[in-house]
Amino acid sequence: MEFRVREYRAEAAACCLAREAAVEHPLSSRSFRKENEQKKKGGIIDRTFIYKQQHHYPTSTSASSSHIEFDDAASGKGTFVDPLSGSAPESLASADKKLVNFFEKMVLRGASDEAVEAAAKEWDAYKMLLMKKYACTTINTFTLSTASDVISRSFKARGKSLTSVHLKELDDPEKNAEEEVKVISQQEYVMRLCELNNEIAQAWQQNERVTALKLSIKVARLLSDTSVPQFYPTLFILVTDIMDTLGSLVWKRIKRKAEFDDEGNIIRLLPEGFTCIDVPREAKETCSNWFYKIGSIRELLPRIYLEVAIFRSRYFLDENPLNVCQRLSLMIRGLADPLASAFAHLYLAHCAQALIPYEKGFLITGLSDYITLFQRVLSGNLGTKMMKSYHEKRMYVRLMEPVIEWITRCIFNHADQEMIIQLLRDFGVQPNEWKPTQSIHPVSVLVHFLLKQLPATVVSTHALGLLKLVESSVDLSMAQYLNYRLLGFKLCECSPPGKLRLTILNEVLEVVTQYSDANEYLMVLDVYIDYILQNNMVCIW
């Protein structure tokens with residue numbers, strides 16, 4: 001057996017890229033290269049320092065040679081800054097400082113109690129609106145599923161200790177199964193969830209933290225039951241209140257462990273906007289143990305909710321919270337039920353909004369994933385029992401509106417003009433056109449809340465593109481005339497460029513005149529009559 005003889009040097013030379021000798025520095029400007037050429041020829045170039053005029057620096061003959069402003073006949077005046085020099089101009093230092101402050105604001109704001117309290121107030125107001133809008137008055141009783149064992153056990157344990165209930169179950173499991181509560185009223189269901197919230201807080205105070213965690217897992221498991229979709233928004237609010245309670249208790253415990261020893265003596269108070277470097281090793285180990293316990297939960301949905309609930313405690317560890325949000329958003333893809341998936345995205349957006357309000361990437365990824373599932377709901381391809389008729393599908397879609405509304409609000413919150421325009425490009429919206437993108441597929445309800453969050457000035461400059469977006473989104477998630485009406489309100493606040501005003505009006509009227517419902521036609525026309533009068537337009541129908 002013979003081995004092939006290889007010439008390694010010849011093979012390496014054949015695979016290398018062609019190389020050329022670098023006579024000039026690749027970062028030097030053209031005028032700087034001309035200077036070197038003239039130096040070789042014996043010429044001299046006069047350099048003039050004009051920092052004070054253009055960069056507001058004090059002029060000095062002792063300025064560093066690495067920051068030189070010079071005259072260039074070909075390209076005008078320019079400034080050459082050596083990137084490897086030890087000193088830097090004040091403008092670059094201030095720019096670096098602004099960049100650092102931005103990232104500190106984006107990542108470290110989660111350690112601020114004021115930011116969390118402000119976000120909690122906004123969330124509480126939104127929860128009140130949801131409770132009023134989705135109050136379940138048509139269904140009075142529920143049939144408990146296997147996921148609701150914590151509710152039935154709470155009913156049987158009323159007036160008894162938890163230990164006696166467990167002993168009774170072990171003595172006669174068959175009799176216990178017969179006595180198990182199968183039907184429960186809505187009022188009792190809500191009351192038992194409130195009792196569970198108090199039980200978790202009481203177990204925590206008694207240092208029974210494992211019991212508190214087990215109860216929280218069982219409570220989170222309730223959200224996997226979507227058999228009564230009309231009650232799901234109310235159930236979500238009650239369960240997430242318990243999740244928020246657990247998250248707050250974990251945060252306070254780890255923070256206290258980082259600042260005090262076991263005897264209650266102060267070790268060191270964590271500063272505002274602390275980093276993981278300021279956290280002692282013992283507190284980090286306690287924090288890691290909590291995430292390890294939650295990561296070992298078998299069911300996906302409770303694991304997601306509990307990790308999101310204690311997400312703020314990530315700041316005690318040496319981890320990037322932005323990557324964690326992206327990972328959690330991808331984990332929600334494993335929830336096949338559209339209702340459970342929608343509200344899981346809602347809870348993630350709520351918790352992340354309080355901690356990293358400037359991060360939008362995971363929100364757009366999650367919204368894109370959910371819209372893909374949402375389109376299957378609209379087409380009725382999920383095989384759910386609730387999708388038999390148009391009215392049932394419309395009711396199911398209506399339950400998901402607050403999810404899209406809150407996520408779009410979080411996406412456009414704290415966004416400047418440049419970021420808003422970039423977000424519109426992700427939706428395929430250009431100033432004068434709309435092109436479908438692979439990232440986010442437009443549905444009518446998404447377009448509605450997109451228009452609702454956009455400033456009127458941005459709507460005015462992108463009027464034609466948004467108009468085409470409204471025209472292309474026709475489905476049962478929301479009536480199209482509502483989007484035309486909302487677009488008209490925005491255009492009345494800020495008029496589009498003069499050459500586009502008549503074009504926009506004609507395209508709108510071309511569509512709405514084909515409506516068979518006179519009420520929808522009149523509601524759109526009512527807004528655009530104001531649009532005509534404000535712009536002194538003459539229109540002939």
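Author: Start with a definition. A helix axis is a line fitted to the C-alpha atoms over the stretch in contact, and the angle between two axes runs from 0 to 180 degrees between N-to-C directions. Keep in mind that this is a predicted model.

Now the setting. The protein chain has 25 helices and four strands. It holds 541 residues, and 44% of them count as buried. Take contacts between residues at least 6 apart in sequence: 70% of these join residues at least 24 apart.

Helix α22 (residues 463–472) packs against helix α23 (residues 480–493) at an angle of about 165 degrees, and their axes are 10 Å apart. Angles over 145 degrees count as roughly antiparallel. Therefore α22 and α23 are roughly antiparallel to each other. Their crossing is right-handed. From α22 come Ala463, Leu467, Val470 and Glu471; from α23 come Gln480, Asn483, Tyr484, Leu487 and Leu491. By class, that contact has six nonpolar, two polar and one charged residues. An α-helix has 3.6 residues a turn, so residues three or four places apart point the same way.

The axes of α16 (residues 361–379) and α18 (residues 401–412) cross at roughly 155 degrees and come within 10 Å. So this pair, α16 and α18, is roughly antiparallel too. The crossing of α16 and α18 is left-handed. On the α16 side, the contact uses Leu363, Ile364, Leu367 and Ile371; on the α18 side, Ile404, Ile407, Cys410 and Ile411. Sort these residues by class: eight are nonpolar, none polar and none charged.

Now move to the core. The largest nonpolar core has 142 residues, and Leu193, Met243 and Tyr305 touch the most other members. Helix α11 (residues 232–259) gives the most to this core: 14 residues. In soluble globular proteins, nonpolar side chains tend to be buried together.

How does α11 pack against α15 (residues 338–355)? The angle is about 40 degrees, with the axes 11 Å apart. Angles under 35 degrees would count as roughly parallel. Therefore α11 and α15 are oblique to each other. Their crossing is right-handed. α11 brings Tyr232, Pro233, Phe236, Thr240, Met243 and Asp244, while α15 brings Leu339, Ala340, Phe343, Leu346, Tyr347 and His350. This contact divides into nine nonpolar, two polar and one charged.

Go back to Tyr305. Leave out its neighbours within four places in sequence. Tyr305 is then in contact with Ala220, Leu223, Phe236, Thr240, Met243, Ala340, Phe343, Ala344 and Tyr347.

Tyr305 is one of the buried residues of helix α13. Nine of the ten residues of α13 (residues 300–309) are buried, so the helix is largely enclosed by the rest of the structure. The buried ones are Leu301, Pro302, Arg303, Ile304, Tyr305, Leu306, Glu307, Val308 and Ala309. What covers them? The cover includes α10 (209–221), α11, α12 (281–295), α14 (321–331) and α15.

Look at two of those covering helices in turn. In α12 sits Thr286. Its relative accessible area is 11%, so Thr286 is buried. Beyond four places in sequence, Thr286 is in contact with Arg253, Ile254 and Lys257. In α15 sits Leu355. Its relative accessibility is 4%, so Leu355 counts as buried. Leu355 and Arg312 are 43 residues apart in sequence, yet 7.0 Å apart in space, C-alpha to C-alpha.

End with two loops. Most residues other than glycine have a negative phi. Asn207 has a positive phi of about 65 degrees, though it is not a glycine. Asn207 lies in the loop between α9 (186–205) and α10. With a relative accessible area of 55%, Asn207 is exposed. His414, also not a glycine, has a positive phi of about 60 degrees. The loop between α18 and α19 (417–426) holds His414. At 34% relative accessible area, His414 is partly exposed.

Terms used: Residues numbered from 1 in each chain as written. Predicted model: local features only at pLDDT ≥ 70, side-chain atom pairs only at ≥ 80, totals over all residues. Heavy atoms only, no water. Core = buried A, V, L, I, M, F, W, Y, C linked by side-chain atoms within 4.5 Å. Buried < 20%, exposed > 50% of the residue type's maximum accessible area, 1.4 Å probe, protein only. Contact = heavy atoms within 4.5 Å. Parallel < 35°, antiparallel > 145°, perpendicular 65-115°, else oblique. Left-handed = near helix turned anticlockwise from the far one by under 90°. Nonpolar A, V, L, I, M, F, W, Y, C, P; charged D, E, K, R; others polar.
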